[in-house]
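Dear colleague,

Please find below the structure that I am handing over to you. I would be grateful if you could look through it alongside the notes that come after it.

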Amino acid sequence: MKKAKKIILLGVGSLLFVVLSALAYVKLALPNVGEAPDLKIGATEERLARGKYLAHHVMSCIGCHSERDWTKFAAPLKEGTWGKGGEEFPKELGFPGTFYAPNITPAGIGHWTDGEIFRAITSGVTKYGKALFPVMPHPLYGQLAEEDIKAVIAYIRTLPAIENKVPPSQPDYAMSFILNTIPKKAEFHPIPDKSDQVSYGKYLITAAACVDCHTQKAKGQNIAGMEYAGGMEFPLPGGITVYSANITPDKATGIGNWTKEAFVSRFKLYADSASQNQAVGKGEFNTIMPWTMFAGMEREDLEAIYVYLQSIPAVNHKVTKFTKN
């Protein structure tokens with residue numbers, strides 16, 4: 001009997017040692033994506049223009065890292081807040097912890113090298129070697145062209161410095177370990193030729209990270225087979241919860257009956273100043289979709305995204321537009 005107990009204790013002890021060793025490895029040895037590259041990005045006129053376009057109208061970096069006015073439809077950005085950070089991504093939205101968009105003006109990351117910013121955007125590791133939760137979709141940004149990332153960095157270097165101390169993100173206990181396993185080395189892809197609308201549209205929709213908001217999740221992961229089928233819920237100020245739309249080509253519940261012109265016009269509707277200043281009362285419909293930012297996307301880019309979306313599998317999934325809390 002004593003021998004059996006000894007064997008059991010040895011087995012439990014060995015298992016505990018393996019588990020603790022694994023946790024120690026994850027906590028201390030990861031993330032491991034390599035050193036930040038030695039970069040010095042020149043700010044050419046062309047690069048700055050491309051970076052501004054991407055940061056404002058495609059990747060929407062400025063949208064997440066600025067302050068939005070939730071008293072107006074689609075919560076346009078408040079002037080003078082570009083890049084200051086501070087937007088909260090709480091547990092109520094399904095996140096495994098509470099996360100904050102950092103200050104990306106020179107007051108926030110002015111002491112980071114270009115290579116450190118590049119690594120953070122494309123591999124999810126900070127200047128200090130800490131893993132970033134993919135609220136900023138670094139797994140997707142790591143699939144873009146290196147030059148596009150450089151253009152964004154060159155542009156955000158030009159933002160006016162705004163002093164704004166942002167609270168540190170607080171992942172849940174389990175996520176504090178899992179988080180270190182998420183960053184990975186980037187696998188860059190060139191920008192496809194615009195004549196190949198499906199490939200070019202896929203590139204743009206990856207840059208815009210549309211899949212993140214338009215896919216339901218379980219334990220923080222996209223539900224397989226439900227990509228772009230909508231239904232992710234977003235509790236918003238004003239006492240409502242909105243649900244992302246089904247943008248697959250399903251004719252009954254998605255955008256299968258939309259024409260290319262209707263798709264493009266839906267975005268361009270919010271390009272004028274009147275549409276960007278529609279007041280929204282308590283309990284009235286609003287949306288997390290940054291229409292006022294995406295409205296600035298070039299027409300041919302929106303057309304390519306439409307063509308790509310029409311090429312993906314249709315998913316029959318009826319989504320409620322919004323509910324009052």
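The notes below cover the domains, their interface and the salt bridges.

This is a predicted model, in which local features need pLDDT of at least 70 and side-chain atom pairs count only at pLDDT 80 or more, while totals for chains, interfaces and linings use all residues. Residues are numbered from 1 along each chain as its sequence is written, and side-chain values use heavy atoms, with hydrogens and water left out.

The protein chain is assigned domain 1 (38–191) and domain 2 (197–324), the bounds coming from an automatic or database domain assignment. Their centres, taken over C-alpha atoms, are 21 Å apart. The UniProt record (an unreviewed entry) places the feature "domain: Cytochrome c" at residues 46–160 and 196–313; such annotations may be inferred rather than shown by experiment.

At the interface, 30 residues of domain 1 are in contact with 35 residues of domain 2 (heavy atoms within 4.5 Å). The two domains bury about 2,700 Å² between them, 63% of it on carbon and sulfur atoms; this is the accessible area (1.4 Å probe) lost on putting the two parts together, summed over both. On the side of domain 1 that touches domain 2, helices H2 (45–58), H3 (61–64) and H6 (138–141) each supply at least two residues (helices are DSSP runs of H or I, at least four residues). H2 gives the most, with four residues.

The whole structure holds ten salt bridges. One of them pairs Arg47 with Glu147, with the closest N and O atoms 2.8 Å apart.

With kind regards

Terms used. Salt bridge = Lys/Arg side-chain N within 4 Å of Asp/Glu carboxyl O.
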